[in-house]
Amino acid sequence: MNTATKLSGFALGLAAVFAGAYGIGHVAGPAAPAAETRHDTTDTDHGAAGHGDESAGDARLPGGLLVSERGYTLQPVTAPAGEFAFRITGPDGAPVTRYDVAHDRRMHLIVARRDLSGFRHVHPELAADGTWRVASPLAGPGVWRAFADFTPTGGEPLTLGVDVTVPGPLAARPLPAPATTATVDGYTVTLTGTPEPGRTSRLTLTVSRSGRPVTDLQPYLGAYGHLVALRQGDLAYLHVHPEGTPDDGRTPAGPAVTFAAEVPSAGAYRLYLDFRHGDAVHTAEFTVLAGAQPAPAPTTAPIPDAGHGTPGHGHS
Ligand SMILES: [Cu+2]
């Protein structure tokens, strides 16, 4: 991960401050640029590698880092209290009203605070004018990243991201330590496999309850589990695909669900596994470290205590 990538996280955080606060009548985002500055299909853009995606043969950015890409722009719109609403505008500047179904839905809205807490995955309803609405998944104060994961009809799958601020007292939440076991709603989920930068890695999540394997997982979004991975630092949104589907005649309904994951760089990631059992969706979360950890870069922003031991900057 390079300096530009790290700094972009800070810049986005600052942008959120200026973007105003969600829920007090603000319409976030500038007018939709009909012609965005990024057109990822040209090779000239690929010359500017170093955005953190070092995977061989594919210099495209990870998803979710851009609010506007390939002419499509994510625009939160004013919504009543307790509701979250947004539009996707297309290359012609008009709201997109036609979407393809992917993973059982036309729109997946994922939100997480920038400190990777508070993850929610919800499915908004589309109005005829192209506005998506859903009961607000933003559970409390903080700077949230909202990801819209969709496929416009006639276009390619796309994940756009936008920062949304919910005002209120902020509590710092450090990223939980890496672990291979998570508990949620009485379930224990274990993770095997380690993501390796730049190539596809198999991650297997195994669900048990009260010490017994769960073998009757219920289909959710066309699979026995749905996994989202977000990179610490910039919340790059990673594509993760389940192996097998409930209707293929050979994929068991648990206890293990296997995914193919590609991470673009070494670093810390938060994994969020949605699975359905007992007619409810549960989310198990894991922190994982991918690859060798990057050496400390001398040009990153100062961290607390960084000045200790430096002549002339000592604290007593
Ligand atoms: Cu979804």
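Me: Which residues form one aromatic cluster here?

Reply: Tyr99, Trp132 and Phe150 do. Before we go on, a word on the source: this is a predicted model, where local features need pLDDT of at least 70 and side-chain atom pairs count only at pLDDT 80 or more, while totals for chains, interfaces and linings use all residues. Residues are numbered from 1 along each chain as its sequence is written, and side-chain values use heavy atoms, with hydrogens and water left out.

Me: Thanks! How many aromatic pairs does the rule count?

Reply: The general idea is that rings of Phe, Tyr and Trp (its six-membered ring) pair if their centres lie within 6.5 Å; planes under 30 degrees apart count as stacked, over 60 as edge-to-face and the rest as tilted. Here that gives 6 aromatic pairs. Take Tyr99 and Phe150: the ring centres are 5.8 Å apart and the planes stand at 80 degrees, so this pair is edge-to-face. Strands (E, at least two residues) are DSSP runs, numbered from the N terminus.

Me: Are Tyr99 and Phe150 buried or exposed?

Reply: Both are buried, a label for under 20% relative accessible area, with exposed over 50% and partly exposed in between (1.4 Å probe, protein chains only). Another pair, Phe147 with Tyr237, is tilted, at 5.1 Å centre to centre and 35 degrees between the planes. Phe147 sits in strand E9 and Tyr237 in strand E16 (residues 237–238), 90 residues apart. Phe147 and Tyr237 are buried too.

Me: What are the protein donors of the copper ion?

Reply: Donors are N, O and S atoms within 2.8 Å of the metal (3.2 Å for Na, K and Ca); water is not among the atoms, so sites may look incomplete. In this model they are His108 (ND1), His121 (NE2) and His123 (NE2), 1.8 to 2.0 Å from the copper ion. Their spacing in sequence reads H-x12-H-x1-H. His108 belongs to strand E5 (residues 107–113) and His121 to strand E6 (residues 120–122), 13 residues apart. His108 and His121 are buried.

Me: In what order do the 5 strands of the open sheet lie?

Reply: Two strands pair if DSSP finds at least two bridges between them. The order is E1-E2-E3-E8-E7, with antiparallel pairing. Strand E1 (68–69) and strand E7 (125–126) are the edges, each pairing on one side only. Further in, 5 bridges join strand E2 (residues 72–77) to strand E3 (residues 83–89), and Pro76 has Phe86 in E3 as its bridge partner.

Methods. Helices (H or I, at least four residues) and strands (E, at least two) are DSSP runs, numbered from the N terminus.
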